[in-house]
Amino acid sequence: MHLLYVDESGSATDASQRYLVLAGVSVFERTTHWIEKSLDEIVNKIDPVTPRDLELYGSPMRSGKGIWRKFDLATREALIIEALNSGVLRQVKGVRLFGCAVEKAALSGKDPVHVCFE
């Protein structure tokens, strides 16, 4: 069995945003243990006292919100890259990345989310 995660960047209904991007990852169920182990090592380096309170979430990491405020941009970007490499890219077996970017104006009124899932 594979576990799937999909997330969007942009809004399907916001006319001021030109694109909608959907991206995700498919992970074979037994691979999740090794991904969690790799990501836990990163989190423990950042916050060894309360590592379970820390979320490796791209938007706050990139923008420096919350706990990420104490890290400069270069450090935050390096941690994002480390998390992606350790948690996904080095897990060659059982992990697949996928994505779709659509220019909403080119869809002739079609639902951009529906188009992405085609």
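# Reading pockets, a helix and a ring pair

User: How do the residues lining the second largest pocket divide into nonpolar, polar and charged?

Analyst: There are 5 nonpolar, 1 polar and 4 charged residues in that lining. Ala, Val, Leu, Ile, Met, Phe, Trp, Tyr, Cys and Pro count as nonpolar, Asp, Glu, Lys and Arg as charged, and the others, Gly among them, as polar. Before we go on: this is a predicted model, where local features need pLDDT of at least 70 and side-chain atom pairs need 80 or more, while totals for chains, interfaces and linings use all residues. Residues are numbered from 1 along each chain as its sequence is written, and side-chain values use heavy atoms, without hydrogens and water.

User: What is the volume of the largest pocket, and which residues lie nearest its centre?

Analyst: A pocket is an open set of points on a 1 Å grid over the protein atoms alone, where a 1.4 Å probe fits, with protein on both sides within 12 Å along at least five of seven lines; lining residues have an atom within 4 Å of a point. Volume is the space filled by probe spheres set on the points, which are joined across faces, edges and corners. Here it's about 1100 Å³, and of the 27 lining residues, Tyr 5, Val 25, Leu 56, Leu 84 and Val 88 lie nearest the centre. The largest share of that lining, 6 residues, comes from α3 (helices are DSSP runs of H or I, at least four residues, and strands runs of E, at least two, numbered from the N terminus). By type, the lining has 17 nonpolar, 6 polar and 4 charged residues.

User: Which residues of α1 are buried?

Analyst: In general, an α-helix has 3.6 residues a turn, so residues three or four places apart point the same way. In α1 the buried ones (under 20% relative accessible area; exposed is over 50%, partly exposed in between, with a 1.4 Å probe and protein chains only) are Ile 35, Ser 38, Ile 42, Val 43 and Ile 46. They fall within an arc of 135° seen down the axis, so they line one face; the arc uses directions from the axis to the C-beta atoms. Exposed Glu 41 and Lys 45 sit on the face turned away from the buried side.

User: How many aromatic pairs does the structure have?

Analyst: A pair is described by the distance of the ring centres and the angle of the planes. The search finds 1: Trp 68 and Phe 71, with centres 5.7 Å apart and planes at 45°, so it's tilted. Rings of Phe, Tyr and Trp (its six-membered ring) pair if their centres lie within 6.5 Å; planes under 30 degrees apart count as stacked, over 60 as edge-to-face and the rest as tilted. Trp 68 is buried at 2%, and Phe 71 is buried at 18%.
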